[in-house]
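Trainee: Please give me a close look at a single part of this model, one chain and the partner it touches. Keep it plain, as I'm new to this.

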Amino acid sequence: MIRIKDLVKTFDDSTVLDGVTLDVNAGEIVTVLGASGSGKSTLIRCINGLERPSGGTITVDGNDVTTKAGLAASRRISATVFQLFNLYPHMTALGNITLAPVEVLGKSKAEAEEQARALLAKVGLAGHADKYPQQLSGGQRQRVGICRALAMQPRYILLDEVTSALDPETTGEVLDILQKLATEATTMVFVTHEVAFARSISTRIVFMEAGKLLVDMPTEEFFAENGGLAVPRIRQFLSQIRKD
Amino acid sequence: MRFADFTPFDLVLLAQGLGVSLALFLTTTVAGLLLGLGFAVVHHFRFPFVNPLIVAVTEALKNSPVLVQLFLVFFGIPALMQIRMTPASAAFITLSLNTAAFAFVIIRAGIESIDRDQIDAAEAFGLRRIQILRRVIGPQALAFSIGPIVGILVNQLQVTSLISVIGVFDLTKIGNILNLRTLEPFIVWAVIGSIYYVCAKILAHSGARLERRIRRSYAWGEV
Amino acid sequence: MRVWRVIEPYIGFLLQGFALTIFACLLAIIGAVILGGIVASMRASQRSALRWVAHAYSDIFRNVPFLVQLFFLFYGLPELGIYIGAFETGVIALSLAGGAFVSDVILSGIRSIDRGVIEAARVSGLNDVKVFLRIVLPIALRVSVRPVGSVLINLVLTSSILSTITVNELTGVAKIVAAETFKPFEVYAVLLVLYASFTTALSLAIVAWHRRLNRFMTGA
C-alpha cells in the first residue's frame, strides 16, 4: 500500500503540495484530477522519488521513499509511465523494455527478452521489437513506455498524464490498453485529464486544488449530484472539461 | 653551477620573448582578419574561377599542420625561388594566411546566415550591392562572426609558439634557452605556460566583452 | 614529374613516418576519449571538488600551447625519474591535450540529454553509476561523434609537433628527406597535400559514421 501523510513540497517560495494525505490500497485504481498546476504531477514525482518531499512521509509497502534504501526497494515494486514517454533514444523497443529487468531485477537477458516480446505482442507491437523510438509513432512509443513499466512486474503503476501528448486517435489505443490492464488487478495511480475514462476505470477519484486534496471519494459518489458534483469547484471543473 | 641559475636578467628575456610573441600575434591577426574579410567579400561577389581557388587554398590551410606550412614557407619558398627569407617574415606570412583561412570560413558563414529576403528588400529599395554589403549584411555578419573569431584567435595565440621551431625568439624559444641553461624544466615550462595561459584568458575575456557590446549596440532580441 | 622524381626514392621512408603518425594518433585518440569521458563525468558530478579539479585540468590544457605542454613533459618527466621514450611522451602529451577538448565536447553532449530520459532510468531502479554508463554516456557519445571527430582531426594536425622532440613521424621523416634532397619546397608541399587529404578523408568518414549512429536518434 502507498501511504502519503501530510506531504508538503515547496519550490523556492511557492508551495506546490500543501499537506496531502492519501492511502492507495492494493488493487485500487485511483485517479487524480485537477487543473494544471494543482500539484498532480508533483504528487507522482514525490512518490517515485524524482522530487524530495519538503515535509511529511511517503511509504510504499512500508519503504520510506525519502531514504536511499527505501527508495531503491520501492522502485523495484513500482513503475512510472511518463507524459512524454521518455524512452531511451539509443535503444530499440526491446532494449528499452529489458534494461531494468536485467540490470535491477537480475533476470537473464533471454528471459527478459522473451517477456518483453510477449508484452509487445499484447499491446499490438509484435513486429516492432527492433525499432528505435524515433521510428515509432507517439501512440506506439507510449505503448512501449507501458511495456517498459509492466516488464518490472510492479505492484504499483504510476501514470503521469500518459495521453496528454497524444492526438485523439492514438489516445484511444493507449486507453484501450490501460483498460485491459485495469482488469488485471494492478494497483494504479492515474493523473489524467480524461474524465470519461477515469470514470470508467477508477475505483476512487481524488480532486486536487492548489496543492491540497479537495475531495477523495469512490468514483460513483464523485460523479453523483449529491456527492462530488455538489462541490462548486468540481462542478465548474467538470463543466469546463466537457466544453473542450 | 653559477651560470646555470636564474638571474634577474631572465625576466627581461621573458618580457622580450613575450613582446615578440604578442607583436607577431597582433600583426598577423590584423593582416589575417583583413585578408579573410577580403576573401569573403570576393567570394560573395562570385567572380569566375576565383571562388574555387579561395576555397581550395583555405581548406588546405585549415587541414594541414601549421608546422608544415611554416617549413614550406621558411625552407621551401627560398629554395624554390632563390630568395632570402627571415624567420620573422616566414612566421608572419604563415600565421597571417592561417588566420585568414579560419576568418574566411567564419565570415562567409556569417554572410550566408543572413536571410535572403532582407537582401531582396534592400535591392527593392534601390540600394546597390556594395551598399547592401556594407549597410545590411556587414553589421549582422559581424555580430554573428565575432564569437567564433575570438575562439580562433585564442587558438592562434597558442599557434604562435610554433614559430620558435624555425628560430624566432618568441616566448617559447626563450623557454628553450632557459630550459637548457638552468636544467629546471618544471619551473621554466610552468612559468612559460602560465604566461600563455594568462594571455589566453585576457584575450577570451575581452573578446567576450566586445561581443556583448556589439550585440547590445545592435539591440536585437533573440533571433 | 619533377616532384615525383624528388619523392620517389623516399616513398618507403615517408610511409614509415605516416604509419607512425597514424599509430600515435590512434593511441592518443583512445587515451583522449577515455580521459575526456572520465573528466566530463567529473565535471557533470554533484561533488564540487571533483568538478573543480576536472575543470581546472581542461581549462589549463586548452589554454597553454601544445608545444609548451610537450616540452614540459619531455624535459620534466626525466626529472621525476620517469624515463620513457620520445614517442611515448608524445602520445601521452597528445592524449592529455586531446582529453581536455574531448571532455568539453562530451560534457555538452551530457547537458543536451533530455532530463526525462534520465528520470525514466532512475525511476526504473537503476543506480547512479548504471544510469551514467547505460544511458547518459552512450547518448552523449552518440551526439558527440562529429565534434569529437574535429578534435581527432586537430590531433592529427597537432601530432606533427612531435617531430620537435625527435619522434620520426611523418613530419619528422619529411624533415630528413628535405635535408637530404635539398628540395624542401617539393617535400613540404607533398607533405601538406598528404595531411590535407588524410584529414579530409577522416572528416568524411566521421560524418558518415555520425549519420549511421544517429540514424534513429531524436533531433540528430
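Mentor: Two residues are in contact here if their C-beta atoms, placed from the backbone, lie within 7 Å. Keep in mind that this is a predicted model, where local features need pLDDT of at least 70 and side-chain atom pairs count only at pLDDT 80 or more, while totals for chains, interfaces and linings use all residues. As for labels, residues are numbered from 1 along each chain as its sequence is written, and chains are lettered from A and ligands numbered from 1 in the order in which they are written.

So what is chain C built from? It has 9 helices and 0 strands, giving the order α-α-α-α-α-α-α-α-α from the N terminus. Of the 220 residues in chain C, 48% are buried. Buried means 20 or more other C-beta atoms within 10 Å of a residue's own, exposed means 12 or fewer, and partly exposed is in between, with C-beta atoms placed from the backbone.

Now the meeting with chain B: 30 residues from chain B and 28 residues from chain C take part. On the chain B side, helix 3 (66-81), helix 7 (171-182) and helix 8 (185-218) each give two or more residues. Helix 3 of chain B gives the most, with 10 residues. By class, that side of chain B has 19 nonpolar, 10 polar and 1 charged residues. Nonpolar covers Ala, Val, Leu, Ile, Met, Phe, Trp, Tyr, Cys and Pro, charged covers Asp, Glu, Lys and Arg, and the others, Gly among them, are polar.

While you're on chain B, check out B:Arg46, in the loop between helix 1 (9-44) and helix 2 (50-62). Its phi is near 55°, a positive value in a residue other than glycine. Is B:Arg46 buried or exposed? B:Arg46 counts as exposed because it has 8 C-beta neighbours inside 10 Å.

Notes. Helix = DSSP H or I, 4+ residues; strand = E, 2+ residues; numbered from the N terminus.
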